[in-house]
Amino acid sequence: MSEKYWNIASHYFAGGVNSPVRAAVKPYPFYVERAEGAYLYTADNKQLIDYVLGYGPLILGHANQYVTKKIIEQVNKGWLYGTPSPIEIELARKISHHLPSAQKIRFVNSGTEATMLALRLARAYTGREKIIKFHGNYHGAHDYLLLDAGSAFTEFNVNVYNGIPKSIVNTIRICEYNDAECVEKLSKSEDIAGVIVEPVMGNMGVILPDKDFLERLREITLTYNSVLIFDEVITGFRLGLGGAQGTFNVTPDLTTLGKIIGGGLPIGAVAGKKEIIDMLTPAGKVFNAGTFNANPLTMTAGLATIEVLERENVHEVANRAVNVILEELVNALDKKIPNNFVINHIGSMFQVFFGVKKVSNATEAKLANKEMYQKFHNLLLQRGVFIPPSQFETIFTSYAHKDVVVNTTLEILRKVVQEL
Ligand code: PMP
């Protein structure tokens, strides 16, 4: 059935899909009809254990009962008012409580919108134009940060100048991840408005910050009065309720959020220092608006998700799933291809790189054996486990990845590693 859908879809959509990474599943994407817990149910009557989880938002798994109930209750009360609703205050209160740096918040509709707005704020706040970003970090699909981006931009080997004015690309300065000296040098020699970073990289596979890297970024941006922006679209509420900033104990000026805070419905947010967020219209003169900003349905799903995160041991379950899986995977790979792979992980995120010994930045990630990763993906999929089809994405676990799901995964992993 999926093949049939794919043939029809290819008439309507460029490359047959509406977001490029979906077409990285070969020979064609599978179509999903239903999802529940840790499982996807495909149009081909297959049940798959899902380790993609909507590319990050579904930390509770699919169709969590509490979130479903809350969404349905809200649907019955209408889902777009064009005027504020009390739920947006409740969600903001929760975010602000867990992320003390989030003194004020603006809700938007995607991570893309969030980072675009964060740059506008940083530029307006400092009166400067240039932005430092890191090779392999991905901050969304807009013009301003695509240079040397990770995720599908790397997977599909895109040329940034296709459709983006040189004058915009020229406002970006690139450093290698974990290279704080580069940031220091650029900050000394140029007028830098802001530094934007994924505090844990989730768009080149998983890459961790070296000890002190984030702290150094904080020091440098304070010294040069530029705005430090943590892009926590993936890590926010995934690495614990306090996100990466809580985990590493470094406080940015602005944080961009998305994914989990919308419970699986479209969302983004810019949060941070009161004096910066207050520059936004209508309080200030930096423009932002959105028909769907803070829409009650998304607010409800996000709020319900955070409530479950607060009262149940979600992070513990999701993190344990990664630990158990990695014990097995490392063991199996050690026997099959000793010293010829590396696995980076933190909390409920991990990725495996074949053919390399260390991955601490995007250049090293690009040296990994992509073909072998693709084979790993295909073999897992054939046996009923779905991990991202691209090396440059993150494997996620969720609250729904309980022991029985993990144990099935372990059996499949053992077989797949044999066949690699
Ligand atoms: N920032 C990061 C760190 C992301 O991982 C993503 C999406 N994967 C985005 C921004 C863009 O978010 P969205 O797809 O919601 O526009």
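A polar contact here is a pair of N or O atoms within 3.5 Å; within protein, one must be able to donate a hydrogen and the other to accept it, and residues adjacent in sequence count only if both atoms are side-chain atoms. This is a predicted model, where local features need pLDDT of at least 70, side-chain atom pairs count only at pLDDT 80 or more, and totals for chains, interfaces and linings use all residues. Residues are numbered from 1 along each chain as its sequence is written, and side-chain values use heavy atoms, with hydrogens and water left out.

View 1. UniProt marks Lys259 as "modified residue: N6-(pyridoxal phosphate)lysine"; its positions are given in the numbering used here, feature names are shortened, and annotations may be inferred rather than shown by experiment. Look for lysine 259 in the loop between β9 (254–258) and β10 (268–272); helices (H or I, at least four residues) and strands (E, at least two) are DSSP runs, numbered from the N terminus. A polar atom of the lysine 259 side chain sits 2.8 Å from the backbone oxygen of tyrosine 55. Leaving out residues up to four places away in sequence, lysine 259 touches Tyr55, Gly56, Pro57, Val233, Ile234, Gly264 and Ile267 (contact means heavy atoms within 4.5 Å). Lysine 259 counts as partly exposed because its relative accessibility is 25%; buried means under 20% relative accessible area, exposed over 50%, partly exposed in between (1.4 Å probe, protein chains only).

**View 2. Two residues with positive phi.** Neither one is a glycine. Alanine 63, with phi near 50°, belongs to the loop between β3 (47–50) and α2 (65–75). Phenylalanine 237, with phi of about 65°, is in the loop between β8 (227–231) and α9 (243–248). Alanine 63 is partly exposed because its relative accessibility is 44%, while phenylalanine 237 is at 0% and so is buried.

**View 3. Two cis peptide bonds.** One joins lysine 26 to proline 27, with omega about 0°; proline 27 is in the loop between α1 (2–12) and β1 (32–36). Another joins threonine 281 to proline 282, with omega about 5°, and here proline 282 is in the loop between α10 (274–277) and α11 (296–311).
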